[in-house]
Amino acid sequence: MSMGQCLSPCCEKQGLNSPVGSLGDPGHSNHSHTHYIAGIPVSDNGCGEPNPPVTTPSSEWKMFTPYPKLPPIKKQGIHADAKRLSLISREVSEAKILSLFELYRDKNEDCILADGIERFCMDLEVKPEEFIVLILAWKFGAETMCEFSRAEFSQGCKAMRVDSLKGIQNKFPDLLNEVRDKQVFKDLYRWTYKFGLDSASGQRTLPTDMAISLWKLVFSQNEPPVLHRWLEFLEKHTSIRGIPKDTWDMFLNFTEQVGEDLSSYDDTEAWPSLLDDFVEFENDRHNQNVTAD
């Protein structure tokens, strides 16, 4: 920050008691003294009272000491940025992160498996099926459900700048607030589909029962009005055994564009066929209820 130099008025006590710019009594002595008010030279009229400032030749103004010039601000270069990042990185201890990982690591694998995640959640005072745990897995970049690799755990903690259970707990409000952003939630939502797949078996389509569970979880903080009827539709039609990725992705757009009564649904748009079937099913049910009434 730059600092400016402040000039203090050098006035005698008697001069301070007189109004600035008042005229002195012409009957008094002509002896005068030079005083400075806010750095401007003025002369008193012999009574200690300052006369009003007058226009002075430029040579007299040379007596007034100008403000010193401030040195130019140096631009921070690459080395300054590196130093700043280094200071930030020192706030998180990689040794502490790895020690925390070891607390929950499986004895036979270099990763945290279901039992370790359950203990991890217990120590965090949350349940494995809570929304915040899904966010944590997303932040860790977990590729497999019920599993955190060493790299995922370490990189996730560094990204969140935490190295302790308490630090992770303190991040919960920030994480929940972060996913309230529409675009951020969209990223979480799309990642959730891949997270639910059994990558070990090469699964490419999410089983319907798993999709239903994940839809309930990912929308647990902000449930769309149509969600309950959509899940009910899937549960009634047991022939629907899997949810393709495009259906999963487009369902988020569907909840944003279609009203609760589905009146704004446009079947000429390129919606997945399963969503077309759902709207048709709901319209038929609605018409039956109207006829029954």
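**Close-up views of a predicted model**

**View 1. Surroundings of D110.** D110 touches F101, R105, S149 and R150, leaving out residues up to four places away in sequence (contact: heavy atoms within 4.5 Å). This is a predicted model, in which local features need pLDDT of at least 70, side-chain atom pairs count only at pLDDT 80 or more, and totals for chains, interfaces and linings use all residues. Residues are numbered from 1 along each chain as its sequence is written, and side-chain values use heavy atoms, with hydrogens and water left out. D110 lies in the loop between helix 4 (94-104) and strand 3 (111-112); helices (H or I, at least four residues) and strands (E, at least two) are DSSP runs numbered from the N terminus.

**View 2. D110 and R150.** The side chains of D110 and R150 form a polar contact at 2.7 Å (a pair of N or O atoms within 3.5 Å, one able to donate a hydrogen and the other to accept it; residues adjacent in sequence count only if both atoms are side-chain atoms).

**View 3. Helix 7 (residues 150-160).** Its buried residues are E152, F153, S154, G156, C157 and M160 (buried: under 20% relative accessible area, 1.4 Å probe, protein chains only). Among the elements covering them are helix 5 (114-123), strand 4 (148-149) and helix 8 (165-178). R161 follows helix 7 and has a positive phi, near 60°.

**View 4. Contacts of L234.** Beyond its neighbours within four places in sequence, L234 is in contact with T208, I212, W215, I240, I243 and L274.

Key: Buried means under 20% relative accessible area, exposed over 50%, partly exposed in between (1.4 Å probe, protein chains only).
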